[in-house]
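This report describes selected features of one model.

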Amino acid sequence: MNRLTETLEGLGSAVILAVRAFASLPKAPRILKRTAEHGYYGGYTTLPIVAILSFFIGSVLALQAGITMKHFGAKQLIGILVGASMARELGPVMVAILLAGRVGSAVTAELASMKVYQEIDALVTMNIPPERLLVLPRLLAVLLLMPVLTIIANLIGWFGGAIVCAHVDFIGVDPTAYFQSIQRYLAVQDILDGLIKAEVFGFVVMLIACTTGLRTRGGPREIGFAVTKSVVVSLISILVLDYFITKALA
Amino acid sequence: MNASIKAPKPIVRVPRDDLSPVRVEVASLSKSFGPQTVLADISLSVAPGEIFTIMGPSGSGKSVLLRHIAGLETPTRGTVTINGQDPQLPATRDRFALALVFQAGALFNSLTVYENLALYPLERRIHSKADIHQRVMRALHILSIEGAAHKLPAELSGGMKKRVAIARALVMEPQLILFDEPTSELDPIMSATIAEIIATLKEQIAITTIVVSHDRDLALTISDRVAILHQGRLRAVEKPAALRQSPDPVIQDFLNPKIDIRHPRFKQLEASHE
Ligand SMILES: Nc1ncnc2c1ncn2[C@@H]1O[C@H](COP(=O)(O)OP(=O)(O)OP(=O)(O)O)[C@@H](O)[C@H]1O
Ligand SMILES: [Mg+2]
């Protein structure tokens with residue numbers, strides 16, 4: 001029961017936080033600069049790992065598809081299999097998970113520490129709403145960042161698949177045929193659906209990170225708990241939302 | 001670099017239309033955290049332009065009282081108002097600039113000292129950039145911390161942090177300024193400087209000031225009135241002269257504690273514990 005009320009409270013404060021953040025947009029000074037800073041930081045920290053992971057995910061997808069397809073003689077479909085899986089599903093989900101782990105956790109830790117050490121109180125007495133100074137630029141930054149990261153993840157994943165297709169003996173599909181298969185069967189809508197997912201996931205991850213950080217109470221030990229909670233709740237939300245968005249877009 | 005900053009100019013100039021200092025009313029304020037009652041039925045009124053000092057033993061609820069006046073806590077019972085308005089409402093804060101110097105400083109740890117001071121005027125778009133720079137440097141100069149302008153709070157000593165916190169409050173050009181133990185970590189000369197700054201603020205712009213302090217000299221020299229808070233209740237609210245003459249043994253003991261090595265207090269406490 002306690003858990004339930006706490007969850008509902010958390011959800012409520014997340015909604016309020018988002019509304020307040022966007023309501024403060026017209027009065028936010030230097031918002032472009034701050035958004036750019038957070039976007040740059042987020043991209044800079046997640047891009048390398050996004051690149052590595054998406055390369056291997058694309059490779060594994062191609063390998064698995066190759067193993068299955070060799071019984072059916074449908075190797076020309078490996079391209080579209082990898083292409084669609086990356087674009088519609090694995091690209092956005094993977095980027096969101098990495099965002100939660102790298103950026104979300106850092107944001108929660110920073111805001112939780114500001115709360116615990118009364119920096120948030122100081123902002124309140126200065127009548128500088130934390131929603132405007134701390135939350136809004138991060139939400140905007142993540143909305144800019146997610147499509148970029150997802151497109152990069154897709155491209156690198158496809159590329160990883162192409163390399164496996166060309167160099168694994170029992171598959172032996174040459175890159176031209178592989179990419180033709182993607183080009184022929186992958187619709188622009190597939191990519192757009194993936195980007196919509198990415199935007200929703202990214203926004204939710206950042207909102208959870210900010211809400212959890214700002215709701216921290218007590219001493220420094222709570223900062224660690226807040227970070228764990230932020231990441232766990234983000235991961236669950238990503239996968240649950242993934243189901244519902246996929247269903248809604250189908 | 002700072003020759004031009006040395007000032008007979010006022011430390012603080014309020015740029016708002018409404019220049020008048022504010023009145024603080026605390027009416028039957030009580031606060032409990034769970035089962036613990038921290039403040040019990042506090043009523044007091046601080047007049048515009050007054051320097052009001054709150055003294056009292058550690059743990060008596062001084063910081064909690066100050067946080068209520070700053071609108072950071074919700075009273076369990078009773079009300080706090082600033083010129084009749086609730087300090088918890090953003091609209092009130094929009095009308096009156098209110099600065100709180102936190103007991104622990106509460107500096108923004110990821111910003112430099114300079115950025116800590118400049119955040120408020122930049123964010124509220126009060127002055128031009130050059131103007132803000134001048135004000136920030138002047139405040140740093142007055143508190144002798146210009147040298148630390150580009151350091152991070154983590155690189156400062158405790159007393160330096162406290163001075164940065166005070167400088168940050170001065171740059172806000174508030175109509176109501178609340179100090180939580182402004183001199184607790186400072187040497188005697190710096191403490192005297194802080195007392196002078198508080199007195200000067202009152203003289204020049206008649207700002208309303210509430211100081212929480214254990215510093216008897218500061219309290220009795222510059223205050224218009226002093227309140228003694230004891231176990232969450234107001235024990236006395238007096239002018240400094242009257243307080244010195246108070247017959248109340250708690251107040252006398254608090255103002256003039258005698259170190260008695262023959263009958264030490266902790267021995268009495270130990271005995272009463274058994
Ligand atoms: N957020 C809180 N939650 C629970 N109890 C609190 C909280 N803040 C303060 N208290 C309690 O309120 C009492 C008064 O605290 P306060 O900080 O006001 O003391 P103080 O008079 O400022 O003491 P000091 O001179 O040591 O700073 C203490 O017993 C403290 O434990
Ligand atoms: Mg205190």
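Predicted model: local features only at pLDDT ≥ 70, side-chain atom pairs only at ≥ 80, totals over all residues.

**Helix 6 of chain B**

The buried residues of helix 6 of chain B are B:Met190, B:Ser191, B:Ile194, B:Ala195, B:Ile197, B:Ile198 and B:Leu201. Viewed down the axis of helix 6 of chain B, these buried residues fall within an arc of 150°, so they line one face of the helix.

**The surroundings of ligand 1**

Ligand 1 is surrounded by 14 residues, and the closest are B:Ser58, B:Gly59, B:Lys62, B:Ser63 and B:Gln103. By class, the shell around ligand 1 consists of four nonpolar, eight polar and two charged residues.

| Residue | Protein atom | Ligand 1 atom | Distance |
|---|---|---|---|
| B:Gly59 | polar backbone atom | oxygen | 2.8 Å |
| B:Lys62 | polar side-chain atom | oxygen | 2.8 Å |
| B:Ser63 | polar side-chain atom | oxygen | 2.7 Å |

Taken alone, ligand 1 exposes 640 Å², of which the protein buries 63%. Helix 1 of chain B gives the most, with three residues.

**Two buried loop residues of chain B**

B:Glu173 is located in the loop between helix 5 (158–171) and strand 6 (176–180) of chain B. With a relative accessible area of 3%, B:Glu173 is buried, because a residue under 20% counts as such. Its side chain makes a polar contact of 2.3 Å with the side chain of B:Arg135. B:Glu173 is also 10 Å from B:Ile126, C-alpha to C-alpha, although 47 residues separate them in sequence.

B:Ser223 occupies the loop between helix 7 (216–222) and strand 8 (225–230) of chain B. The relative accessible area of B:Ser223 is 7%, and it is therefore buried. The side chain of B:Ser223 takes part in two contacts: a polar contact of 2.5 Å with the side chain of B:Thr53, and an approach to the backbone oxygen of B:Ala219 at 2.3 Å.

**Chain A: overall form and selected residues**

Chain A contains eight helices and zero strands, and along the sequence the pattern is α-α-α-α-α-α-α-α. Its C-alpha atoms fill a box of roughly 70 × 40 × 30 Å along the principal axes. Of the 250 residues in chain A, 48% are buried.

One buried residue of chain A is A:Leu111, which lies in helix 3 and has a relative accessible area of 0%. What distance in space separates A:Leu111 from A:Gly213, 102 residues apart in sequence? Their C-alpha atoms are 4.8 Å apart.

Two loop residues of chain A deserve attention for their backbone angles. Most residues other than glycine have a negative phi. A:Arg30, however, has a phi near 55°, a positive value in a residue other than glycine. A:Arg30 lies in the loop between helix 1 (2–23) and helix 2 (31–69) of chain A. Is A:Arg30 buried, exposed or partly exposed? At 32% relative accessibility, A:Arg30 counts as partly exposed.

A:Gln118 likewise has a positive phi, near 65°, and is not a glycine. The position of A:Gln118 is in the loop between helix 3 (78–116) and helix 4 (119–125) of chain A. With a relative accessibility of 24%, A:Gln118 counts as partly exposed.

Terms used. Residues numbered from 1 in each chain as written. Chains lettered and ligands numbered in written order. Heavy atoms only, no water. Near = heavy atom within 4 Å. Polar contact = N/O pair within 3.5 Å; in protein donor to acceptor, adjacent residues only side chain to side chain. Areas by Shrake-Rupley, 256 points an atom, 1.4 Å probe, with all protein chains shown as cover. Helix = DSSP H or I, 4+ residues; strand = E, 2+ residues; numbered from the N terminus. Nonpolar A, V, L, I, M, F, W, Y, C, P; charged D, E, K, R; others polar. Buried < 20%, exposed > 50% of the residue type's maximum accessible area, 1.4 Å probe, protein only. Arc of directions from axis to C-beta.
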